[in-house]
Amino acid sequence: MKVLGLETSCDETGIAIYDTEKGLLAHKIYSQIAQHAEYGGVVPELASRDHVRKTLPLIDEVLAQAGIRKQELNAVAYTSGPGLVGALMAGATIGRSLAYALNIPALGVHHMEGHLLAPMLEETQPSMPFIALLVSGGHTQLVRVDGIGQYKLLGQSLDDAAGEAFDKAAKMIGLPYPGGPQIAKLAEQGNKESGLKFPRPMTDRPGLDFSFSGLKTAFLTAVHDALDEGRCDEQFKADAALAFELAIVDTLVIKCRRALESEGLKSLIIAGGVSANKRLREQLETQLKKMKASVFYARPEFCTDNGAMIAYAGAQRLLDGQSSELNLSIRARWPLSDLPPLNEVAHG
Ligand code: KG4
Ligand code: ZN
């Protein structure tokens with residue numbers, strides 16, 4: 001089954017074709033970052049308009065890359081939430097219409113299920129059950145995964161998501177959006193012995209929830225103090241970026257270990273934009289080895305938003321006989337736990 005995947009929930013147009021027999025045939029990502037950069041974040045109306053412009057030409061490019069005609073597609077999967085309503089509508093309308101014209105099924109995919117399953121596109125994959133750490137711009141969640149659609153939320157951020165905290169901290173020291181990769185890059189110049197240390201929020205009490213807004217305030221206070229004292233130079237910013245990155249990474253690692261221990265599991269997957277973070281990957285590799293557990297993740301371009309994860313997640317549900325009605329239903333907010341498991345819907 002050849003599934004065309006469309007991702008348009010935010011500021012990336014991601015298109016891919018996943019073949020359930022041969023694997024990923026082709027994929028392309030067009031990032032709108034440059035258009036939003038001057039506003040310091042994503043402007044929803046600009047995002048929607050750009051998805052409308054880019055989706056069809058990118059579909060043609062991906063078909064050409066895969067060397068197939070659109071008539072050879074067997075199904076279309078598009079992101080139907082959570083995300084920006086206008087942006088979601090663009091992909092859903094194009095995806096649903098194309099499927100109608102080709103007389104093939106279409107399926108609305110949950111964006112976070114896409115992220116969660118992205119590591120399955122790689123050569124080494126965990127077997128279920130496993131723990132998933134979903135860390136993107138809008139979500140920080142620990143989920144127990146017993147099967148596709150069998151998701152138990154173990155903990156989540158009570159305020160800012162980890163990616164959002166990176167983005168806001170970056171803005172405070174004049175770095176462009178998206179801030180996560182920028183902070184990580186600047187942190188490479190930071191000195192571990194600078195004396196700067198930020199809190200590891202909510203790690204001193206039991207539980208698997210997160211809170212990053214206090215950490216953000218601690219970062220802001222340190223920057224203001226440095227400005228007042230005339231020492232907010234490039235080295236200070238690099239030291240602060242490193243201390244901030246270490247605080248987020250440590251916090252995530254502590255909670256991941258705790259989740260594995262409390263559920264008695266040995267496999268962790270990390271997914272979503274922040275899972276591209278090198279320090280997070282390295283720390284998890286080292287810390288999990290000590291408890292004889294393993295961490296799995298996708299290649300960097302499949303950590304951030306992309307069409308391949310939507311094509312893959314959609315393919316698993318389409319194979320199960322699931323599909324969406326002709327009327328479009330997109331959801332700006334959508335708890336992962338609302339998704340049905342496989343084999344529970346009528347095939348047809
Ligand atoms: O999954 P994603 O592409 O979009 C959402 O669904 O939100 O995640 C984007 C987030 C942004 O907050 C960005 O700053 C963060 O992921 N991010 C990173 C890195 N690459 C992307 N954060 C830390 N380190 C990175 N290397
Ligand atoms: Zn995402």
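Buried means under 20% relative accessible area, exposed over 50%, and partly exposed in between, with a 1.4 Å probe and protein chains only. Strands (E, at least two residues) and helices (H or I, at least four) are DSSP runs numbered from the N terminus. The model is predicted: local features need pLDDT of at least 70, side-chain atom pairs count only at pLDDT 80 or more, and totals for chains, interfaces and linings use all residues. Residues are numbered from 1 along each chain as its sequence is written, chains are lettered from A and ligands numbered from 1 in the order in which they are written, and side-chain values use heavy atoms, with hydrogens and water left out.

**View 1. Strand E2 and its cover.**

**View 2. Strand E2 and its pairing partners.** Two strands pair if DSSP finds at least two bridges between them. Strand E1 (residues 2-7) runs antiparallel to E2 over 6 bridges, and a hairpin of 4 residues joins E1 to E2. Glycine 14 in E2 is the bridge partner of glutamate 7. E2 also pairs in the antiparallel sense with strand E3 (residues 23-31), over 8 bridges. Here threonine 13 has tyrosine 30 in E3 as its bridge partner, and the hairpin from E2 to E3 has 3 residues.

**View 3. The surroundings of ligand 1.** Ligand 1 is surrounded by 20 residues (one heavy atom within 4 Å); the closest are Gly137, Asp167, Gly180, Gly273 and Asn277. An oxygen atom of ligand 1 lies 2.7 Å from an N or O atom in the side chain of aspartate 167. For the side chain of histidine 111 the corresponding distance is 3.1 Å, and a polar backbone atom of aspartate 305 is 3.1 Å from an oxygen atom of the ligand. The protein covers 88% of the 550 Å² of accessible area (Shrake-Rupley method, 1.4 Å probe) that ligand 1 has on its own. Helices H4 (111-117), H5 (162-172) and H6 (179-187) are the elements that give two or more residues to the shell.

**View 4. The zinc site, ligand 2.** His111 (NE2), His115 (NE2) and Asp305 (OD) coordinate the zinc ion at 2.0 to 2.1 Å. Donors are N, O and S atoms within 2.8 Å of the metal (3.2 Å for Na, K and Ca); water is not among the atoms, so sites may look incomplete. The donor spacing in sequence is H-x3-H-x189-D. Histidine 115 lies in helix H4 and aspartate 305 in the loop between strand E10 (294-297) and helix H10 (307-319), so the pair ties together parts that are 190 residues apart in sequence. Histidine 115 is buried, at 1% relative accessible area, and aspartate 305 is buried at 12%.

Methods. A polar contact is a pair of N or O atoms within 3.5 Å; within protein, one must be able to donate a hydrogen and the other to accept it, and residues adjacent in sequence count only if both atoms are side-chain atoms.
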